[in-house]
Amino acid sequence: MPSEFLYKEYQLCFEQLRYYDTRHSDLLKYSFTLTTSIATAQFAVYKVLGATSSGFYASQVFLSLIVFVATLLLFLGMLQNRLYFVLVARQINAIRKYMLATEAESFKDNQLYTSTNFTVLKISSIHTFQLFGTALISSLFAGSAVYGLEIVLSSRVSAGLSGLVIFIVVVAELTGGFLYLKATDKK
């Protein structure tokens, strides 16, 4: 009886793992689709107007703020997805380890993972690189909004302020995200 339960649990966990892996990829695709579409729209507005104007920069600020908020939400979704992905992977590995010890003691050539003590935050994980990229894109749109806002409000440009905003936003998103993952890792 316990073997039937664990076998069913194992199958369901694999379905969940595939779901979270696909969801992570989908969130990344949504992020890229959104950001490239808006960047293209901003370029189209520039081409239609023929030159930059306060109207162009006002639309840039509006679009950049929308994209910043949307990519921030997608980043947060990817963080939560990473947590759930790892929890399910740990469960799969725990079941695999138990079954290899109790049901298949003679099977000594296991090629799959049985560790359950890996952390949610793995620096070399593709999920981590994708989170970093999403945070960077999000911060670029925050910087773009500040750049346009400066021009609309004062008709002068300070690339330094936009760069500072980009740096602060990317550091805040990554630090906050990694602290969230670390805090929820063992709960």
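What follows covers helix packing and then ring pairs.

This is a predicted model, so to speak of local features takes pLDDT of at least 70 and side-chain atom pairs count only at pLDDT 80 or more, while totals for chains, interfaces and linings use all residues. Residues are numbered from 1 along each chain as its sequence is written, and side-chain values use heavy atoms, leaving out hydrogens and water.

Start with helix α2 (residues 54-102) and helix α3 (residues 126-154): their axes sit 8 Å apart, at an angle of about 160°. That makes α2 and α3 roughly antiparallel (the word applies to angles over 145 degrees). Their crossing is left-handed, and the contact of α2 with α3 has 20 nonpolar, 10 polar and 1 charged residues.

Now follow α3 to helix α4 (residues 159-184), where the axes come within 8 Å and cross at roughly 145°. This crossing is right-handed, and the contact of α3 with α4 divides into 15 nonpolar, 5 polar and 2 charged residues.

On to the rings, which pair if their centres lie within 6.5 Å and count as edge-to-face if their planes are over 60 degrees apart. There are 7 aromatic pairs by this rule. In one of them, Tyr19 and Tyr20 have ring centres 5.2 Å apart and planes at 65°, so they are edge-to-face. Tyr20 is buried at 13% relative accessible area (buried means under 20%, exposed over 50%, partly exposed in between, with a 1.4 Å probe and protein chains only), whereas Tyr19 is partly exposed at 44%. Phe56 and Tyr57 are both buried, and together with Phe43, Tyr46 and Tyr147 they form one aromatic cluster.

Conventions: Axes fitted to C-alpha atoms, helices over the stretch in contact; angles between N-to-C directions. Helix = DSSP H or I, 4+ residues; strand = E, 2+ residues; numbered from the N terminus. Parallel < 35°, antiparallel > 145°, perpendicular 65-115°, else oblique. Left-handed = near helix turned anticlockwise from the far one by under 90°. Nonpolar A, V, L, I, M, F, W, Y, C, P; charged D, E, K, R; others polar. Phe/Tyr/Trp six-rings, centres within 6.5 Å; stacked < 30°, edge-to-face > 60°.
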